[in-house]
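User: I would like to learn how to read a structure like this one, feature by feature. Please give the general idea each time and then the case at hand.

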Amino acid sequence: MQDFLSHDTTRRSALQRLLGAGALSLPALGLPLAARADAATAQAFEAQRAAHPWTQAFVGVQADVAPMAMTLHGKLPPALHGALLRNGPARHQLGGMRYHHWFDGDGLLQRYKLGPTGITHEGRFVRTEKYLADTAAGKPVISGFGTFLADGKPPTGPDSLNVANTSVVKHGGELMALWEGGSAYRLDEATLETRGVKTWSPDFAGVPFSAHPRIEPDGTMWNFGVSAMAGRLALYRVRPDGVLATATTLAVPDIAMVHDFAVTEKHLVFLLPPLVFDVARMKSKMSFLDAHVWKPQLGLRVLVLPKDALDKPQWFELPTGFVFHIGNAWEDPDGVIRLDCMRAADAWHATVGLKEVMRGHFGTEEFAHLTLVEIDLKARRARQQVLPQASEFPRIDPRRVGQRHQQLFAALRLSPGDRPGYDAVMRHDIGRGHTDHYRYGADVMVEEHLFVPRPGSTREGDGWLVGTALDLAKGRTLFSVFEAQRLADGPVVQAEMPRLMPFGLHAIHVAA
Amino acid sequence: MKLSHLIAIAAISAGTGGTAAALTLTIEVTDARSAQGQVSAAIYNSETGWLKIENAVQTQKVPSAGDKTVLVFTGLAPGRYAFSGYHDENGNGKLDTNVLGLPTERYGFTGSGGLMGPPSFSDAAVDLQADTTLRVTLR
């Protein structure tokens with residue numbers, strides 16, 4: 001567990017165990033070595049499916065998903081009319097070849113249309129360069145984030161691997177599918193058809209634009225992008241009308257895998273887990289993910305950039321750990337930034353766990369926990385408090401982005417048993433330390449839920465928590481609406497449909 | 001030069017290999033994004049001169065034909081040659097790059113090297129001993 005190599009060893013020995021159990025018969029496949037791994041992954045997954053209902057969430061779909069009306073119980077509040085749009089990796093295999101990592105699947109933009117007569121669900125794949133090339137070939141021909149294809153087409157840059165599968169944003173009137181390491185893909189909001197990559201400026205063509213932009217209450221959108229090859233962090237400020245105001249890059253030593261960031265009134269805040277890019281590994285034909293090395297001795301570095309001086313970084317350090325998601329950050333008058341995030345002890349899930357699920361295996365390593373961080377800019381120190389809630393997909397009231405907030409919503413892992421994911425949703429009151437939650441049940445895999453404010457109200461958290469979940473026992477997808485301040489009461493509105501969608505990532509609500 | 005060019009054409013029309021003194025290397029450039037602008041290319045015959053345009057054996061600029069643009073280099077002595085080309089889509093005479101230094105127009109080489117950045121001359125070079133046609137897929 002001390003470095004990436006030991007992770008890799010774990011994975012290999014797991015594969016050897018499988019082989020020893022006779023689950024696979026590699027020589028019989030008669031495939032070249034590079035291809036064999038992918039077919040073996042597909043076979044390993046198939047072998048586990050019957051025994052583990054949770055694997056349904058990772059089967060994936062092969063084509064656009066036709067519209068289906070959901071059965072609605074209750075009446076949708078008119079303020080929710082519009083759409084919930086969710087993105088996520090969804091085409092996990094093609095031509096019998098299965099990707100090694102969950103993050104490699106092509107992005108499927110799902111839309112739940114919310115109207116007075118009910119909810120209709122549909123989905124459309126983002127037509128990225130990679131999606132089109134792979135589809136034309138009938139098998140993956142371009143390497144993915146975590147799957148290196150020795151005989152694949154050489155990448156031209158980050159967008160070669162771009163599957164636009166992580167999140168979605170609507171800003172300046174434009175809908176975009178987002179991925180961590182490449183360009184945003186522009187979508188037609190009416191049809192969900194792909195229009196092409198977003199170029200913010202000629203200088204920033206093809207420069208990564210992460211999947212976690214932060215939109216401030218005034219409509220200003222901030223974002224970043226990590227260029228591992230160049231060892232630089234790109235920074236973007238976009239005006240409310242969608243026009244780029246500022247774009248710059250900053251050299252970052254030991255550039256790390258960074259998925260999310262936070263904005264405060266005066267600063268941008270990055271947590272850099274010690275999962276560090278090593279160009280030599282990339283050149284030796286490893287996947288992009290496997291070119292990263294776990295270097296716990298670096299700690300978890302905290303980079304704080306003044307919004308008005310993006311070239312003047314301040315550095316802090318927290319105990320070693322790995323973070324995908326941040327809820328929010330704000331700073332008090334004494335110059336202390338308070339931030340909440342979901343922190344794991346190491347990068348096991350990113351480097352191993354999310355490979356294991358693609359082979360139908362669930363490991364029981366430690367999950368991410370809600371963690372409160374204080375960064376004292378004057379005293380120049382940072383510290384953290386790890387709370388007991390095993391949780392992910394943190395969301396806040398969007399009217400509080402960068403400002404003082406008290407409430408955090410998230411998917412919660414209470415007691416789902418021997419499977420990945422979450423079985424409950426929670427609202428955590430940061431000031432009081434109180435948690436309200438609703439448990440769907442062990443057979444329900446909870447996707448990200450998001451907060452939608454009640455129109456006319458300004459009180460933080462006054463509104464609804466809206467989200468989807470996968471009923472593994474019944475093969476249904478659920479759509480739920482909660483009164484955000486009364487989660488324990490259960491959904492006030494729920495809809496269902498008799499098809500189980502691939503487990504997805506981030507979502508937005510777009511009002512009608 | 002003119003004579004060798006004629007010999008090369010004769011060789012092509014005869015469907016035979018070229019003469020020892022004057023071979024033709026035909027490059028079919030595919031996967032341009034559009035039929036805008038031109039395909040700008042050069043061939044080189046040494047590692048030391050590789051990718052330095054002043055050291056190119058020959059250079060060419062041909063209007064992009066979109067799906068397949070054909071560049072014909074003639075009058076070449078037998079030996080090792082490597083091709084480097086790009087699609088100058090906006091016709092500004094250079095391979096545009098972004099702030100990170102990554103090309104934003106498509107480019108390609110002979111050979112299969114260059115997983116991360118340009119290949120070496122030896123990875124890109126082909127041994128030319130007869131008239132030869134090669135395909136270069138832009139990326």
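Analyst: Start with chain B: among its contacts between residues at least 6 apart in sequence, 70% join residues at least 24 apart. Contact here means heavy atoms within 4.5 Å. The model is predicted, so local features need pLDDT of at least 70 and side-chain atom pairs pLDDT 80 or more, while totals for chains, interfaces and linings use all residues. Residues are numbered from 1 along each chain as its sequence is written, chains are lettered from A and ligands numbered from 1 in the order written, and side-chain values use heavy atoms, without hydrogens and water.

User: What is the corresponding percentage for contacts in chain A with a separation of 6 or more?

Analyst: In chain A, residues 24 or more positions apart account for 60% of those contacts.

User: How many helices and strands does chain B have, and how many does chain A have?

Analyst: Helices (H or I, at least four residues) and strands (E, at least two) are DSSP runs, numbered from the N terminus. Chain B has two helices and eight strands, in the order α-β-β-β-β-β-β-α-β-β along the sequence. Chain A has six helices and 34 strands. The radius of gyration of chain A, taken over C-alpha atoms, is 22 Å, close to the 24 Å of the globule rule for 512 residues, so chain A is as compact as a globular protein of that length. That rule is 2.2 Å times the number of residues to the power 0.38. Along the principal axes, the C-alpha atoms of chain A fill a box of roughly 65 × 55 × 45 Å.

User: How is the size of an interface expressed?

Analyst: It is often given as the accessible area lost when the parts come together. Here that loss is found with a 1.4 Å probe and summed over both parts. Between chain A and chain B the buried area is about 1,300 Å², 73% of it from carbon and sulfur atoms. Pro154(A), Pro155(A) and Thr156(A) supply 32% of the area that chain A buries against chain B, more than any other three residues. In residue terms, 22 residues of chain A are in contact with 11 residues of chain B.

User: Why do residues three or four places apart in an α-helix point the same way?

Analyst: In helix α4 of chain A (residues 129–137), the buried residues are Lys130(A), Tyr131(A), Ala133(A) and Asp134(A). Their cover includes β4 (89–91), β5 (93–94), β7 (106–115) and β8 (118–125) of chain A. Just after α4(A) comes Gly138(A), with a positive phi of about 75 degrees.

User: Is helix α6 of chain A largely enclosed or open?

Analyst: Eight of the nine residues of α6(A) (348–356) are buried, so the helix is largely enclosed by the rest of the structure. Among them are Trp348(A), Val352(A) and Glu356(A).

User: Where is Leu72(A) found, and is Leu72(A) buried or partly exposed?

Analyst: Leu72(A) is in strand β2 (71–73) of chain A and, at 27% relative accessibility, is partly exposed. Beyond its neighbours within four places in sequence, Leu72(A) is in contact with residues including Ile119(A) and Val493(A).

Notes
Buried area = accessible area lost by both parts, 1.4 Å probe. Buried < 20%, exposed > 50% of the residue type's maximum accessible area, 1.4 Å probe, protein only.
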